[in-house]
Amino acid sequence: MEPQPNVIEPHLRHIKQRRRVPAWRPEDYEKLQGHNDIRILILCPGTGSDICCSLRRISLDDSDIDFEALSYIWGRETATVAPPWARHSIYLKGRRFNVNINLFTILMRLRYQDQQRELWVDAVCINQTDLKERDQQVKLMRHVYQKAKQVIVDLNSIDNPCDKIGAITGRFGEATAAAQTRNPLHPLFAKPYWTRIWVIQEIGLARKLTVYCGNRSFDWQAICIIHRVWKELQLINNLRLGGDIGPWDIDQNIRARRLNSYLPLLDLLASYYSSFSSNPRDKIYGLIGLADDCVTKEYDVDYSATEARTLEYVVRYMLRSSARLDVICYASFHKGLPSWVPWW
């Protein structure tokens with residue numbers, strides 16, 4: 001009987017080789033010079049499981065910038081047999097940079113085989129350990145998503161709903177039939193992605209949107225139409241199968257309104273207070289870039305501040321900028337807050 005090939009040994013050798021690669025350190029980031037400087041991730045062409053990248057510093061003031069911005073859910077590392085460094089790391093300027101499984105999968109899917117791709121990815125392009133840099137970069141989010149030639153919305157590999165969308169896009173009758181069924185579209189509109197507070201701004205400010213779902217891509221308007229039908233049929237059939245916020249809602253309440261009406265920060269906070277953020281401060285910071293009455297360069301973004309101080313600051317800011325007392329009407333008398341400060 002012929003000996004069976006050892007399929008584990010090559011994998012173990014590869015893991016050991018990756019382990020010997022030095023890890024990325026916060027001090028490896030090139031310092032940002034100007035107030036409007038950001039970093040762009042250069043995704044090198046290739047195939048296979050090794051993702052090689054570099055970083056380039058650019059200014060948002062430049063007229064010839066050409067990059068795409070990524071909108072996705074960070075997620076979290078899940079327990080696996082292999083440790084995270086062995087399964088979810090990319091090579092950044094020759095060093096090993098740990099990323100979560102969501103981002104690793106997205107970069108693998110977006111990578112070209114024959115040419116590089118320039119992306120803005122917050123988890124990599126911002127030095128997340130430098131609070132001052134994070135404060136400054138959050139103030140630039142509005143301009144990042146406005147200036148990107150395209151915003152890529154990644155819904156993280158849900159194949160069945162995406163295959164169904166591909167079959168029914170552009171045909172209203174079939175879209176209606178699909179929307180009447182709990183499956184397969186329910187997982188699409190119940191995705192945790194739509195609950196993120198940052199999604200509102202990332203989608204709302206984009207010049208062009210392309211939705212990636214599984215291995216397929218879709219035009220933003222196609223997703224919106226299907227979501228609209230889905231929501232209307234829920235009302236007719238007295239169903240509640242998806243979340244409160246989805247593509248149609250963001251398209252109408254943010255993208256369409258921005259063209260011909262005024263979006264005050266208070267309205268945004270009141271409308272999206274139920275959206276999720278892992279850092280409570282982002283319930284505020286994730287919306288300031290959309291507000292017409294908020295000058296982001298003047299707003300004091302401070303991740304070192306306490307939650308109470310952050311909430312108190314936004315009230316004081318709105319009182320100064322609007323000279324109106326409306327915001328106080330939302331006060332909830334939350335423990336640890338002044339009686340005039342709402343808990344968003």
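This is a predicted model: local features need pLDDT of at least 70, side-chain atom pairs count only at pLDDT 80 or more; totals for chains, interfaces and linings use all residues.

Colleague: How many residues of strand β1 are buried?
Modeller: Seven of the seven, residues 37-43, so β1 is largely enclosed by the rest of the structure. Buried means under 20% relative accessible area, exposed over 50%, and partly exposed in between, with a 1.4 Å probe and protein chains only. Strands are DSSP runs of E, at least two residues, and helices are runs of H or I, at least four, numbered from the N terminus.

Colleague: Which way do the residues point from β1?
Modeller: Asp37, Arg39, Leu41 and Leu43 point one way. Ile38, Ile40 and Ile42 point the other way. In a regular strand, side chains alternate between the two faces of the sheet.

Colleague: How many bridges join β1 to β2?
Modeller: Seven, and the two strands run antiparallel. Leu41 has Leu55 as its bridge partner in β2. Three bridges join β1 to β6, also antiparallel. There, Ile42 has Glu118 as its partner. Two strands pair if DSSP finds at least two bridges between them.

Colleague: New topic. What is phi of Lys93?
Modeller: Near 55 degrees, positive in a residue other than glycine. Lys93 sits in the loop between β4 and β5.

Colleague: Where is Phe333 found?
Modeller: In the segment after α15. Phe333 is not a glycine, yet its phi is positive, about 55 degrees.

Colleague: Is Phe333 buried or exposed?
Modeller: Exposed, because its relative accessibility is 64%. Lys93, at 44%, counts as partly exposed.

How values were computed: Residues are numbered from 1 along each chain as its sequence is written. Side-chain values use heavy atoms; hydrogens and water are left out.
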